[in-house]
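Here is a short report on one structure.

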Amino acid sequence: MSITRTDQYFFNWINGGQAESEKAMPVLNPATGEMIGRVPDLDEASVRNAVDSAYRAFPSWAALPARERSRYLNDWAQRIEQDREQLARLLSLEQGKPLREALGEIAGTADIIRWYAEEGKRAYGEIIPASNAGQQLLVYREPVGVVGLITPMNFPAATVARKVAPALAAGCTVILKPAESTPMIALALFRRLMETELPAGVANLVTGDASVIGQCLMSDARVRKISFTGSTKVGKRLMEQAAQSVKKVSLELGGNSPAIVFPDADLDKAAADLAANKFENCGQVCNGINLIYAHEDIRDALIAKLLPIVQALKVAPGDVPGADIGPLINERAVEKVERLVRDAVAKGANILAGGERLTGDGFAAGYFYAPTLLSNVKRDMSITHEEIFGPVATVLTFKTEEEVLANANDTAYGLASYVYTSDFTRIHRIIQGLQTGNIGVNGTSLAYTQAPFGGIKESGIGREGGRQGLEEFMSLKYVALTTV
Ligand code: ADP
């Protein structure tokens, strides 16, 4: 298949046409370290062109009836579904995830786009009972304008859909900047969006130096909103930059998600769910479990169920049939996991499985880390405070509900948490007590198209998914109308 060629060049998209630059950036296969393609490294002038074109395109796109915007989105989803296999292969090659997961992500990408194609038709305003005779109080919902969208490497297709689809459905025009390590799948999705004959400038995609593009978008007052998914560090910087022109911001940032398992839980289900969540996408999931708090009475039983699942995981490049776990995205990611595991072991954690980088046959040039299970993890270890973003499950123990709630909340993050118990009154208390934007009770799947996903505290602002995901791209206009 041609996507394994090392000379493949993907153009950017500005004002409805292909854009290139003299400088190019390589894209690497994380399983082999080999170059698989190149993308433009745009200069500031080109990024400004993208903003110019989005700004010009905005009034007529915003004025288009929602039903017509919906047609473009549905057409886009259909083109993605048609090329599902090819897109999944590209995604897996570039990002490293197993082909099975990549196929699921592409299906989800199309699903998100279709959902917002419909939701855009329901961006209703309001009529409020007036105070005076002859008066009407009206609330309009309008698209915010030109928006900058910055996406991460872990779900490089789905996150494009979670931002581009609601933005376009709302009537905004967009400039997308995908992650440096995974731009090709975003560009491949965009090519299909352009094939719908979307009006020029409505959707633009730029690649290049993140800080240059970021600075261009953030310093331009015509960009009225920024929607970002990535690290808390970069998110804070963008928020500061957004203050200059008081842009609306949506931030999906890091997490430090706990999973709490009580003695009355279904341990078989808990072990299967926790492992599925923890090792999906090689642990590179923002709502991935960082810490498993097992009640002391069932700790050993839970570990006995988790261990064989972890040991059975097959690590291989994403295109190998039966692969469960691919490589991490880059060397930096491996080094972070190595550092966290080293620190934990030095402070008394036990390695029950894995615990090392894989360097043998087929792994040497890639960024593979063995699926790892650590027990005896304690609160003084770095791994309990930093987001792991890798295939390492950590087990801590607790005695009381109060103690575990206090520990689970003792973090600057507030993205997701999970609880396993069959006690209804406890479920109620825990839901009230956990300080996270999303909670999974007796299950770990959270990212559904129709539900509002997002964090509190330093995990972010705003929501993606559901009608709330559309509202992020709209502002209210209130009118007090007196009829004379
Ligand atoms: P990660 O650590 O997962 O790579 P980052 O926050 O660094 O997370 O990256 C998420 C996205 O933010 C990527 O698209 C990246 O290119 C982009 N990014 C990184 N630095 C900046 C910046 N200074 N301004 C704008 N975007 C940035």
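## Cysteines

The structure holds 0 disulfides. The model is a predicted one. A disulfide is a covalent bond between the sulfur atoms of two cysteines. Here a pair counts when the sulfur atoms are within 2.5 Å.

Burial is a separate matter. Cys286 has 19% relative accessibility, so it counts as buried because the cut-off is under 20%. Cys172 is also classed as buried, at 0% relative accessibility.

## Ligand site

Which residues come nearest to the ligand? There are 17 residues around it, and Thr151, Lys177, Glu180, Phe228 and Ser231 come nearest.

The side chain of Lys177 places an N or O atom 2.8 Å from a ligand oxygen. For Glu180, a polar side-chain atom is 2.6 Å from an oxygen atom of the ligand. Ala210 uses its backbone: a polar atom there lies 3.5 Å from a ligand nitrogen. Taken alone, the ligand exposes 550 Å², and the protein buries 81% of that.

## Helix α6

Helix α6 covers residues 183–194. Its 12 residues should span 16 Å at 1.5 Å a residue, and the end C-alpha atoms are 16 Å apart, so the two values agree.

How many residues of α6 are buried? The count is 11 of 12, and the helix is mostly covered. The buried set is Pro183, Met184, Ile185, Ala186, Leu187, Ala188, Leu189, Phe190, Arg192, Leu193 and Met194.

## Helix α9 and its ends

Helix α9 runs over residues 267–279, 13 residues in total. From first C-alpha to last it reaches 18 Å, close to the 18 Å expected at 1.5 Å a residue. Its buried residues are Leu267, Ala270, Ala271, Asp273, Leu274, Ala275, Asn277, Lys278 and Phe279. An α-helix has 3.6 residues a turn, so residues three or four places apart point the same way. The cover over the buried residues of α9 includes strands β12 (257–261), β13 (289–295), β15 (372–375), β16 (392–398) and β17 (416–420). Helix α10 (299–312) is also part of that cover.

Asp266 caps the N-terminal end of α9. One of its side-chain oxygens lies 3.2 Å from the backbone nitrogen of Asp268. Just after the helix, Asn281 takes a positive phi of about 55°.

## Thr421 in its loop

Thr421 is located in the loop between β17 and α13 (424–433). Is Thr421 buried or exposed? It counts as buried, with 1% relative accessibility.

A polar atom of the Thr421 side chain lies 3.1 Å from the backbone nitrogen of Asp423. Leaving out residues up to four places away in sequence, Thr421 touches Phe262, Asp264, Ala265, Arg426, Ile427 and Asn442.

## Ala301 in α10

Ala301 belongs to helix α10. That helix is among the elements covering the buried residues of α9. Ala301 itself is partly exposed, with a relative accessible area of 34%.

How far apart in space are Ala301 and Val147? The C-alpha atoms of Ala301 and Val147 are 50 Å apart, and 154 residues separate the two in sequence.

Definitions and conventions: Residues numbered from 1 in each chain as written. Predicted model: local features only at pLDDT ≥ 70, side-chain atom pairs only at ≥ 80, totals over all residues. Heavy atoms only, no water. Helix = DSSP H or I, 4+ residues; strand = E, 2+ residues; numbered from the N terminus. Expected span 1.5 Å × (residues − 1). Buried < 20%, exposed > 50% of the residue type's maximum accessible area, 1.4 Å probe, protein only. Contact = heavy atoms within 4.5 Å. Polar contact = N/O pair within 3.5 Å; in protein donor to acceptor, adjacent residues only side chain to side chain. Near = heavy atom within 4 Å. Areas by Shrake-Rupley, 256 points an atom, 1.4 Å probe, with all protein chains shown as cover.
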